[in-house]
Amino acid sequence: MSIRTDLAAEAVGGGPLPGATVRTGERRGVPVTEVTLDREAAARLGRAPGRYLTLETDPLGETALLSSAPAAVLAEALTSLLPAEGLILVACLGNARVTPDALGPRTAAGILATRHIAGQEGAFRRFRPVAVLTPGVLGQTGIEAAALVQATVLALSPAAVLVVDALAAESFSRLGRTVQLSGCGLAPGGGVGSRRAALDRESLGVPVASLGIPTVMDCRALFEPLGREAPPEVAGALLTPGDIDLLADRGAALLAHAINRALQPGLTPEEILALH
């Protein structure tokens, strides 16, 4: 039984995998797992080669606080992945009407969009240009999100794209309590069996980083620890926590604050919190 997951830390499993390197440690007291996949290992796991960082937060969120260690770690990691100058396009994927898929749109609401004011006189000189896009989903717009992101990249010519999306996990304990960051781009819907066109450097022509939090899990994973095979009616079913609305809000606050800290180094954390 192949359990669907977007998390590289889960995909590599517990044993050694040729071509995969797994390192665990802490940054600012936050548990971090770093997974690096070469091309062969990535092909076996059905994902892009490169480096994936997984942060564990328990509980997620009371997050957009000035002293939030996860936000600081995420901001530092994002800074290392994205170019230091130029416009950044933040593409926040998902369906705002479906709570487990609303992480992207809720994150977008807290990101400082500054493309129209960056570099102007006075305090605006400290802003880096950032554009925020919420393309919605095919069922809402009739247009693939990837196509809208590609069109926006052509129109704006950003230095890089940061994609934010809800993810799927194998373990219930990771839902709303794990953040994955990578410089490998993203294939929307991959973890829930609805893979769309990939958003990566090859498709967009610029560096692409991705950031997400798992909000759903494959129900079949519940039967594996019991040594039982999942019944056919469970195939395709997804599970989400009862407090998903709260977790989505807290997760979005964490991601937005981390993104703002990474993309607006000219502002203090206090100023960022006051502005969003």
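The mean positions of the 23 positive and 27 negative charges of the protein lie 4 Å apart, where Lys and Arg count as positive, Asp and Glu count as negative, and His and the chain ends are not counted. For this value the place of a charge is NZ of Lys, CZ of Arg, CG of Asp or CD of Glu. The structure is a predicted model, in which local features need pLDDT of at least 70 and side-chain atom pairs count only at pLDDT 80 or more, while totals for chains, interfaces and linings use all residues. Residues are numbered from 1 along each chain as its sequence is written, and side-chain values use heavy atoms, with hydrogens and water left out.

**Overall build**

- The protein holds 9 helices and 9 strands, which are DSSP runs numbered from the N terminus (helices: H or I, at least four residues; strands: E, at least two).
- For 276 residues a compact globule would have a radius of gyration near 19 Å, and the 18 Å of the protein agrees with that; the radius is taken over C-alpha atoms, and the globule rule is 2.2 Å times the number of residues to the power 0.38.
- Along its principal axes, the C-alpha trace of the protein spans about 65 × 40 × 35 Å.
- Of the 276 residues, 49% count as buried, a class that means under 20% relative accessible area, with exposed meaning over 50% and partly exposed in between (1.4 Å probe, protein chains only).
- The accessible surface of the protein comes to about 12500 Å², and 53% of it belongs to carbon and sulfur atoms; such areas come from the Shrake-Rupley method with a 1.4 Å probe, and for residues only the protein chains shown count as cover.
- Among contacts (heavy atoms within 4.5 Å) between residues at least 6 apart in sequence, 71% join residues at least 24 apart.

- Because 14 of its 20 residues are buried, helix 8 is largely enclosed by the rest of the structure.
- Helix 3 (residues 69–81), with 13 residues, reaches 19 Å from its first C-alpha to its last, close to the 18 Å expected at 1.5 Å a residue.
- The buried residues of helix 3 include Pro-70, Val-73, Leu-74, Ala-75 and Leu-78.
- Not counting residues up to four places away in sequence, Ala-75 touches Ala-258, Arg-261 and Ala-262.

**Buried residues in strands**

- Leu-55, found in strand 3 (residues 50–56), counts as buried at 2% relative accessibility.
- Leaving aside neighbours within four places in sequence, Leu-55 is in contact with residues including Val-32, Pro-70, Val-73, Leu-74 and Val-179.
- Thr-33, which lies in strand 2 (residues 30–37), counts as buried at 16% relative accessibility.
- Not counting residues up to four places away in sequence, Thr-33 touches Ala-9, Val-22, Arg-23, Thr-24, Tyr-52, Leu-53 and Thr-54.

**Loop residues**

- Gln-264 has its place in the loop between helix 8 and helix 9 (269–275) and is buried, with a relative accessible area of 1%.
- Not counting residues up to four places away in sequence, Gln-264 touches Leu-112, Thr-114, Arg-126, Phe-127, Arg-128, Val-130 and Ile-272, whereas Gln-264 and Ala-235, 29 residues apart in sequence, are 44 Å apart in space, C-alpha to C-alpha.
- Arg-28, in the loop between strand 1 (20–27) and strand 2, is exposed with a relative accessible area of 55%, and has a positive phi of about 55° although it is not a glycine.
- Ser-157, in the loop between helix 6 (145–156) and strand 6 (160–169), counts as exposed at 57% relative accessibility, and has a positive phi of about 50° although it is not a glycine.

Definitions and conventions. Expected span 1.5 Å × (residues − 1).
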